Amino acid sequence: MANILTALQPSGVLHIGNYFGAIEPFVKLQDDGNTNFLFIVDYHAITVPQDPKQLRQNILFAAATYLAAGVDPNKTLLFQQSRVSAHTELAWILNCLTHMGELERMTQFKDKTRNKGESVTVGLFDYPVLMAADILLYDTNIVPVGEDQKQHVELARDIAERFNNRFGETFVIPKPHIRKEGARVMALDDPTSKMSKSAASDKNFLSLMDDEKTVEKKIKAAMTDAEGTIVNRPGRLGVSNLMTIYELVSGKTMAQIEAAFEGKGYAQFKQDLIEQINQFLQPLQQRIHDSLKDHKNLIEILEAGAQKAQAIAEKKMQQVREAIGVKLS
Ligand code: ADP
Ligand code: TRP
């Protein structure tokens, strides 16, 4: 029996990196024996400017996507982070245990703030502490995330250990669960960096909502190399990344893919890949549309999840308030 927890930002676009790096591993870990938490981190999202109307839509879209991907509200507490105020309350307390230097070392913060100068918000700097609060509130054992979030989960572990040492055993020490294959889907137009929705070009990523024509355009433009063979080898970043995507959407193994395309060129491989991607995306998109249509049901699911999460989080907060000495009776 384990508590399994992960969260995603409601950023409008979800790409196949998010799907295979975060959503699918979570769905696979949903099991009757475990307690599962999945939430939409709207308070993480506002660390960068958001249009309120768009944000609202993005939250609903995120919820619809998780349900379409197989998240089962009977097995998983699906909710909005902002509906459980203990997250921000605990973040404040953990702020007072976290060192500036620890946050300055976070590579995601460094990446997100490069060349941004004075306009970087305190919220963006503090982002990993809110994430630590997200995790520690629920006695989380396992945090399924992509490779890029490992450092944040390790920080949550350090903060939890520090708290426990100073105030007594209060928090469970969480472990990151990084999916091995396909943990990092790389950008289509630059296979040296990870696929990301915040990239400058939309040729960088495959959105879960891309239509058939867009998929075709993006894959045809995707970077390969001059070798011309379909072989997964270190150094052949572009081709290996496309083969990884093939593997993920089709369920075939790398060896099967290499065998199927032996002696064949990029044109044929890409054509086949486009078909495989569309066969994967079409039914998923249909389920997302269906779920978004039933707006009321979607909100009811999120609200029921929030109620249950609040009860668990408040219990933990009572323990925390007592441990640090602010609880008087
Ligand atoms: P993005 O970089 O597109 O803004 P996020 O930082 O919102 O993505 O990440 C959301 C989740 O998806 C995280 O768990 C992250 O590890 C995972 N993820 C993001 N990009 C990738 C990728 N290219 N490959 C695998 N997993 C990814
Ligand atoms: N920072 C994570 C991301 O960008 C999202 C996140 C917030 C998260 N809180 C979390 C992930 C708690 C796992 C557990 O992907």
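Let's start at ligand 2, where one of its nitrogen atoms sits 3.0 Å from an N or O atom in the side chain of Gln149. The protein covers 91% of the 370 Å² of accessible area that ligand 2 has on its own (areas by the Shrake-Rupley method with a 1.4 Å probe; for residues, only the protein chains shown count as cover). This is a predicted model, in which local features need pLDDT of at least 70 and side-chain atom pairs count only at pLDDT 80 or more, while totals for chains, interfaces and linings use all residues. Residues are numbered from 1 along each chain as its sequence is written, chains are lettered from A and ligands numbered from 1 in the order in which they are written, and side-chain values use heavy atoms, with hydrogens and water left out.

A polar side-chain atom of Asp134 lies 2.6 Å from a nitrogen atom of ligand 2, and an N or O atom in the side chain of Tyr127 is 2.8 Å from a nitrogen atom of ligand 2. Such pairs are polar contacts (N or O atoms within 3.5 Å; within protein, one must be able to donate a hydrogen and the other to accept it, and residues adjacent in sequence count only if both atoms are side-chain atoms). There are 13 residues around ligand 2, and Ala7, Tyr127, Met131, Asp134 and Gln149 come nearest (a residue is near if one of its heavy atoms lies within 4 Å).

What kinds of residue make up the shell around ligand 2? The shell divides into eight nonpolar, four polar and one charged (nonpolar being Ala, Val, Leu, Ile, Met, Phe, Trp, Tyr, Cys and Pro; charged being Asp, Glu, Lys and Arg; polar being the others, Gly among them). Strand 1 (3-8), helix 7 (122-136) and strand 4 (142-145) each supply at least two of the shell residues, and helix 7 gives the most, with four. Helices (H or I, at least four residues) and strands (E, at least two) are DSSP runs, numbered from the N terminus.

Val153 touches Met131, Ile135, Val143, Val145, Lys175 and Pro176, leaving aside residues up to four places away in sequence (contact means heavy atoms within 4.5 Å). With a relative accessible area of 0%, Val153 is buried (buried is under 20%, exposed over 50%, partly exposed in between, with a 1.4 Å probe and protein chains only).

Now follow the chain to helix 10 (residues 237-250). Just after helix 10, Gly251 takes a positive phi of about 80 degrees.

Two other residues deserve a look for their backbone angles. Most residues other than glycine have a negative phi. Asn115, in the loop between helix 6 (107-113) and helix 7, has a positive phi near 65 degrees and is exposed, at 79% relative accessible area. Asp139, in the loop between helix 7 and strand 4, has a positive phi near 50 degrees and counts as partly exposed at 28%.
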